[in-house]
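The entries follow the order in which I worked.

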Amino acid sequence: MGMTGEGFPAITTRRDAVVAWGQKNSLWPMPFGTACCAIEFMGVAASVFDISRFGAELVRFSPRQADLLLVAGTVTFKQAPILRQIYEQMCEPKWVISMGVCASAGGFYNNYCTVQGIDQVVPVDVYISGCPPRPEAILQAVLKLQDKIDRPQAVPPAQFKVKEPQFDY
Ligand code: SF4
């Protein structure tokens, strides 16, 4: 910030920095809640933890109005194409948080019907460990994602676990 000749403050910045600032502070999450982890997400949206302090309280249930896909719970192979379709219907830029061990790695459902990690279906930006993760862990994931949006060069982009995602379940 500097002073102009008439004594008014002048702010200089970069356009992409302003855009990133707006994006990271106005995330619109779409919860893909399939199991108990979704209850913890409800907790973080309520008044005690109050995710609105971080600008991410505007939960949407239409992918076209959301830019943060929050997968909370077990994902079966039958649900995988639906999850993928929801992800594809979201407008760019978009991000994904994988909440809990079930979404991130299948959890203790190591069986024929459970996807062993949603990064086989959608690229994941931030993982949350735990079963179930505490609401504070969700807040920390949001902060990590905000940091990633702020410094895209410093953080690797979201990746699939497999080279080519499989959707022919
Ligand atoms: S990680 Fe635990 S709490 Fe979350 S969906 Fe799986 S079993 Fe439920």
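**Helix H2 and its cover**

I looked up what covers the buried residues of helix H2, and the cover includes E3, E4, E5, H4 and H5. I took helices (H or I, at least four residues) and strands (E, at least two) as DSSP runs, numbered from the N terminus. I called a residue buried if 20 or more other C-beta atoms lie within 10 Å of its own, exposed if 12 or fewer, and partly exposed in between, with C-beta atoms placed from the backbone. The buried residues I noted in H2 are Cys-37, Glu-40, Phe-41 and Val-44. They lie on the same side of H2, because they cover an arc of only 105° around the axis; the arc is that of the directions from the helix axis to the C-beta atoms. An α-helix has 3.6 residues a turn, so residues three or four places apart point the same way.

**Source and confidence**

I noted that residues are numbered from 1 along each chain as its sequence is written. The model is predicted: local features need pLDDT of at least 70, side-chain atom pairs count only at pLDDT 80 or more, and totals for chains, interfaces and linings use all residues. I read pLDDT as the predictor's confidence in each residue, from 0 to 100. The chain averages 89, and 89% of its residues score at least 70. Confidence is lowest in strand E1 (residues 2–3), with a mean of 54, and highest in E4, at 97. Where pLDDT is low, the predicted coordinates should not be read in detail.

**Overall layout**

I recorded 5 helices and 6 strands in the chain. Along the sequence they follow the pattern β-β-α-β-α-β-α-β-α-β-α. The chain has 169 residues, of which 34% count as buried.

**Core**

I looked up the largest nonpolar core and found 39 residues. Such a core is a set of buried Ala, Val, Leu, Ile, Met, Phe, Trp, Tyr and Cys residues joined through C-beta atoms within 7 Å. Ile-118 is one of the residues with the most contacts inside this core. Beyond its neighbours within four places in sequence, Ile-118 is in contact (C-beta atoms, placed from the backbone, within 7 Å) with residues including Val-71, Leu-83 and Val-124.

**Ligand**

Which residues surround the ligand? I listed Ala-35, Cys-36, Cys-37, Gly-73, Thr-74, Gly-100, Val-101, Cys-102, Gly-107, Cys-131 and Pro-132. The shell divides into 7 nonpolar, 4 polar and no charged residues. Here Ala, Val, Leu, Ile, Met, Phe, Trp, Tyr, Cys and Pro count as nonpolar, Asp, Glu, Lys and Arg as charged, and the others, Gly among them, as polar.

**Backbone exceptions**

Most residues other than glycine have a negative phi, and most peptide bonds are trans. I noted a cis bond from Cys-131 to Pro-132, with omega near -15°; Pro-132 is in the loop between E6 and H5. Another cis bond joins Glu-92 and Pro-93, with omega about -5°. Asp-50 has a positive phi, near 55°, and is found in the loop between H2 and E4. Asp-50 counts as partly exposed because it has 13 C-beta neighbours inside 10 Å.

Key:
A residue is near a molecule or strand if its C-beta atom, placed from the backbone, lies within 6 Å of it. Two residues are in contact if their C-beta atoms, placed from the backbone, lie within 7 Å.
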